[in-house]
Amino acid sequence: MEMNIGMPKDVVKPSVTILNNLLADQFVLLAKTWNFHWNVKGPSFGTYHAFLEKLYDQLFEMIDSTAERIRSIDGRPIGSLHGYLDHTRVKEQDDHQDLPAAFDMLKILLADYEKVICEVRKDLADLESKNPLDEGTISYLQNFIEEFEKTCWMIRAHIE
Ligand SMILES: [Fe+2]
């Protein structure tokens with residue numbers, strides 16, 4: 001059934017693209033964070049292992065929300081790992097390379113999380129100017145930025 005929410009389907013296209021790029025970033029961050037949770041070592045193992053679990057739990061929830069926001073405006077969320085790799089702006093952890101030390105894992109994740117915030121900030125400015133009608137996606141992205149900024153503070157606090 002056609003949606004009837006005061007926004008024609010072609011108007012939401014840029015929003016779907018922006019949300020799918022975010023979904024791809026979140027999926028790659030999930031894999032990377034989970035991988036670090038499994039492989040972290042050192043005297044503070046318990047702290048890092050538990051903290052990384054908190055991070056991937058948050059990403060897991062966010063992924064579902066982002067995909068469902070896409071569905072709410074009748075878009076199709078990317079549903080393949082191949083698709084995520086095509087769209088993400090985050091670099092995966094290469095399995096052929098040595099794993100970073102615990103402290104460096106957090107530094108790498110912080111840089112990635114901050115990069116995603118910067119990308120979404122640019123996307124948001126673009127959306128606000130081109131498609132102010134899509135208030136739902138604008139507020140979704142604003143909330144994402146706020147939530148992720150808090151996460152970045154927590155990662156930063158572990159490595160300062
Ligand atoms: Fe676990």
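I117 is buried, with a relative accessible area of 6% (buried denotes under 20% relative accessible area, exposed over 50%, and partly exposed in between, with a 1.4 Å probe and protein chains only). The structure is a predicted model, in which local features need pLDDT of at least 70 and side-chain atom pairs count only at pLDDT 80 or more, whereas totals for chains, interfaces and linings use all residues. Residues are numbered from 1 along each chain as its sequence is written, and side-chain values use heavy atoms, with hydrogens and water left out.

I117 belongs to helix α4 (helices are DSSP runs of H or I with at least four residues, strands are runs of E with at least two, and both are numbered from the N terminus). Between the C-alpha atoms of I117 and S139, which are 22 residues apart along the chain, the separation is 14 Å. Helix α4 spans residues 102-130 and also contains D126. This aspartate is partly exposed, at 35% relative accessibility. D126 and S15 are 111 residues apart in sequence, yet their C-alpha atoms lie 9.9 Å apart in space.

The whole structure was searched for disulfides, and zero were found (a disulfide being a pair of cysteine sulfur atoms within 2.5 Å). For C118, the nearest cysteine sulfur is that of C152, at 8.9 Å. C118 is partly exposed, with a relative accessible area of 44%, whereas C152 is buried at 1%.

A negative surface patch is formed by E53, D57, E61, D64 and E68. Patches consist of residues with over 30% relative accessible area and no salt bridge, with like charges joined within 9 Å and nonpolar side chains (Val, Leu, Ile, Met, Phe, Trp, Tyr) within 5 Å. A salt bridge requires a side-chain nitrogen of Lys or Arg within 4 Å of a carboxyl oxygen of Asp or Glu. E61 is exposed, its relative accessible area being 54%.

D74 lies in the loop between α2 and α3 (81-87). Although not a glycine, D74 has a positive phi of about 65 degrees. Most residues other than glycine have a negative phi. With a relative accessible area of 25%, D74 is partly exposed.

Terms used. Areas by Shrake-Rupley, 256 points an atom, 1.4 Å probe, with all protein chains shown as cover. Lys, Arg positive; Asp, Glu negative; His and termini not counted. Charge placed at Lys NZ, Arg CZ, Asp CG, Glu CD.
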